[in-house]
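Me: I am new to reading protein models. Could you walk me through this one, feature by feature?
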Amino acid sequence: MTSIDTRAAVTVGAATGSRRAKRGYVPERRRSLLLTVLLWLLVLYFVLPLWWLLVSATKDNAALFSTFGLWFGGDFSLLENLQTLFTIRDGIFARWLLNTVLYSVASAAGATLLATMAGYAFAKYDFPGSKALFSVTLGAIMIPLTALALPTYLLFSQAGLTDTPWAIIIPSLVTPFGVYLMRVYAADAIPNDLIEAARVDGAGEFRIFWQVGLRLLGPGLVTVFLFSLVATWNNYFLPLIMLNTSELYPITVGLAQIQAAASAGGGSQALFSTVTTGSFVAVLPLIIAFLFLQRYWQSGLATGSVKG
Amino acid sequence: MSHSPALTAERLSATPPPTHRTSTSRRKQNLAAYLFILPFFVVFIAMLIVPLVYSGYLSLFESKLIGGDVFAGLTNYVRALQDSAFLASLGRMGLFFIIQVPIMLGLALFLALALDSRRARGSKGVRLLVFMPYAVPAVVATLMWGYLYGSDFGPIAQIARAVGFGTPDFLSPANILGSMMNIVTWEFVGYNMIIMYAALRSIPGELYEAAEIDGAGQFRIAWSVKIPAIRPAILLTVIFSIIGTFQLFAEPSLLNVIAPDAITNSFTPNYYAYNLAFINQELNYAAAIAFLLGVFIAIVSYIVQLSTQQRERRERGTA
C-alpha cells in the first residue's frame, strides 16, 4: 500500500548485528558540551522522581512530611519501613508481590509462545488465508483493550472465572503486536535454506520450529516477553474489575488500596511511608530486568520498529 | 479493521521457501502452519472478537426495573451522543492529545536524534535513565507524582516557596489536566524514544555520510535525511499515543483519591465507562460508551494514517 516497508526493509538484515560497525566511513565525532549539558538536565526530570522515591523509602512517616523531599532526613528507617510493609495485614504485601510475579510471568510466557508460533508461521509458510489473517491481527492492534474489559468481565463472570488468577492471565495472552514483531523478526533471523536443509534431513515441521527456529529467535523472544511482562505487571484496570478478594490482588491494586486507606483515615497517617516504600519495592524488579536484558530487547525492538 | 497501511508489512524481504515439492508435503506444511497459528487465534477470538461482539450486543439493550433487559435499538448511542459528560471527556482527551502528545513525541524525537548523533557524553546512560520510567507502573507513577505535587510537603512546593514563588496548586480543577499531562509525559518519553532510536540506528550510514562529507550540519541532516527515514516508526508512536490517551484510566482514578474536586467521575471516557458500569450499574449504557470509544479511536488512528500517506504521496509527486 505504501513504500515505507520496502524502504525500511533495506537494513533489516543488519539490525540483529552491530550496525554501526558495518559503516565504512567513521567521521571524527566532535563532542558537544552544550548538548551533553542539555541532555543531562533532561535526565534529571526523568530521574528525580525516582530519586525522591528512593529517598522517601528511607524516611519514617514524620520525616516524610517534615524534611526536604529530595534529600535524606530524619532517622534512616528503610529497614523499619520494609518490616512494616511486609507485616501489615499478616504480610499481605508479599502475597501481592508474588501474585504480580505469577500473573505477569505466566501471561508473558504464554503470550510469547503463542505470538512466536503464529509469527513464525506467518513469516515462513505460504498458506492459504495467511495474508487475510495477518491483516486481521494487525487491525487488532488498534482495538483499545480497555473497551473490551467490561464485556470480558461479564463473560468471565458467567463462566465463573472472575476473582481467579485466570481472569488476569487469559486476557493477557493476546498480543497482536507480539505476533507482528515476531513475524518481522523471524523473517530475517531464520534463513529459509536452513529450514529446507532440515526438511531434506527428514525433520518434521514442529521439530524444525523447536530446534532450529526458537534457537535463532532469542532477542525477539526476550523483547516480546519483556514487553508483555511489563504490560501485565503494570496493569491496573483489568485486575481492579476482575478481582474482589484482596489475597488475589496484584501489587498495583494493592498499593492503590493502601493509598486510598491512607488518604481516607486521618489517624492512620503512618501508612504513607508504607505506600512509598511499597511503591519503591514494586518498581525495583522490572528496572533490574530491563537493565540486565537491555542487550536483547534493544536489538529485538530495532528490528520491529524498522518495519513499523 | 485491515486498514493499517503503516503496519502492513506486505513486502517482506524474505520470501517463503520455494514450493517445488509434491502436493502431499505441501499439504503437510499448510497443516503445520495452521497448527502454529491455531493457539493464538483461539485466544484471539475468545478474548478479542467475542468480547467486541458481545459489547456491541449489550449496547443495544436497556435494563428496566420491570421486565429486565429489553431491546432498545440505538437508544444508548443516541443518549451517549447527547451526554454532555461523555462529550466533555472526549473533548478533554482531545485537548490532552493536541498538547501532550506533540510535547512527548517531540522530546522523544529530540532525545533519539541527539543520542544517534553521538555528540554527547554518556549517551548510553542517558538512554537507560530516560527509558526507566517505562518500567514504573502507572499506579506508582501517579502515586509518586501525587506526593511530589503536594502543596504542603511536596518538594516542588518546598522549592517554589524557598525561591519565593509561593505555593503552586497542581491539583486544582484548573491545573489537574496539565499535571496529568506531565505524569504521562514522564512515563512514556523513554519508550517512544527507544522506538525512534532503534529506527535511527537502522538507517544505512551511506544515506547521510555523503551529506556529512559535503559539510551539511547535524540539524540539516536530521531534518532532511533522518526524520523522513524513520517516518514509519514515528507514525507507530503516534498511533500508540492515540490509543493510550483515550484509554487513560489509572491516572485519573488515582488522582481522584487526592483531588476529588478536580477529577470528576467522567474525567476521561474510560474512567466514565468504568464508573457507569461498576458504580452506577448501568452496564448496557457503559457498553455503548466503550464501543463508541473504540470506534472513535479507530477513526482517529485511520485519519492520522491517511493524512501521512497523502503527505508522502504529495512529496513523492514533487520529488
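Me: Is Tyr296(A) buried, exposed or partly exposed, and why?

Reply: Start by remembering that this is a predicted model. To judge burial, count the C-beta atoms around a residue: 20 or more within 10 Å means buried, and 12 or fewer means exposed. Tyr296(A) has 17 other C-beta atoms within 10 Å, so Tyr296(A) is partly exposed.

Me: Where does Tyr296(A) sit, and which residues does Tyr296(A) touch?

Reply: Look for the helix first, then for neighbours from elsewhere in the sequence. Tyr296(A) is in helix α17 of chain A, residues 294-307. Leaving out residues up to four places away in sequence, Tyr296(A) touches Gly218(A), Pro219(A), Val222(A) and Thr223(A).

Me: How many residues of chain B are in contact with chain A?

Reply: Count both sides. 100 residues of chain B are in contact with 106 residues of chain A. On the chain B side, α1(B) gives the most, with 19 residues. That side divides into 72 nonpolar, 18 polar and ten charged residues.

Me: Which residues of α1(B) are buried?

Reply: First, a general idea. An α-helix has 3.6 residues a turn, so residues three or four places apart point the same way. In α1(B), the buried residues include Gln29(B), Ala33(B), Ile37(B), Phe40(B), Phe44(B) and Leu48(B).

Me: Which residues touch the most other members of the largest nonpolar core?

Reply: That core has 185 residues, and among those touching the most other members are Ala118(A), Met193(B) and Ala273(B). Helix α7 of chain B, residues 176-201, gives the most to this core, with 16 residues. Ala273(B) is in contact with Leu150(A), as well as Ala286(B), Ile289(B), Ala290(B) and Leu293(B), leaving aside neighbours within four places in sequence.

Me: What is phi at Gln281(B), and is Gln281(B) buried or exposed?

Reply: Check the backbone angle, then the surroundings. Gln281(B) has a positive phi of about 60°, although it is not a glycine. Gln281(B) lies in the loop between α12 and α13 of chain B. With 10 other C-beta atoms within 10 Å, Gln281(B) is exposed.

Conventions: Residues are numbered from 1 along each chain as its sequence is written. Chains are lettered from A and ligands numbered from 1 in the order in which they are written. This is a predicted model: local features need pLDDT of at least 70, side-chain atom pairs count only at pLDDT 80 or more; totals for chains, interfaces and linings use all residues. A nonpolar core is a set of buried Ala, Val, Leu, Ile, Met, Phe, Trp, Tyr and Cys residues joined through C-beta atoms within 7 Å. Helices (H or I, at least four residues) and strands (E, at least two) are DSSP runs, numbered from the N terminus. Two residues are in contact if their C-beta atoms, placed from the backbone, lie within 7 Å. Ala, Val, Leu, Ile, Met, Phe, Trp, Tyr, Cys and Pro count as nonpolar, Asp, Glu, Lys and Arg as charged, and the others, Gly among them, as polar.
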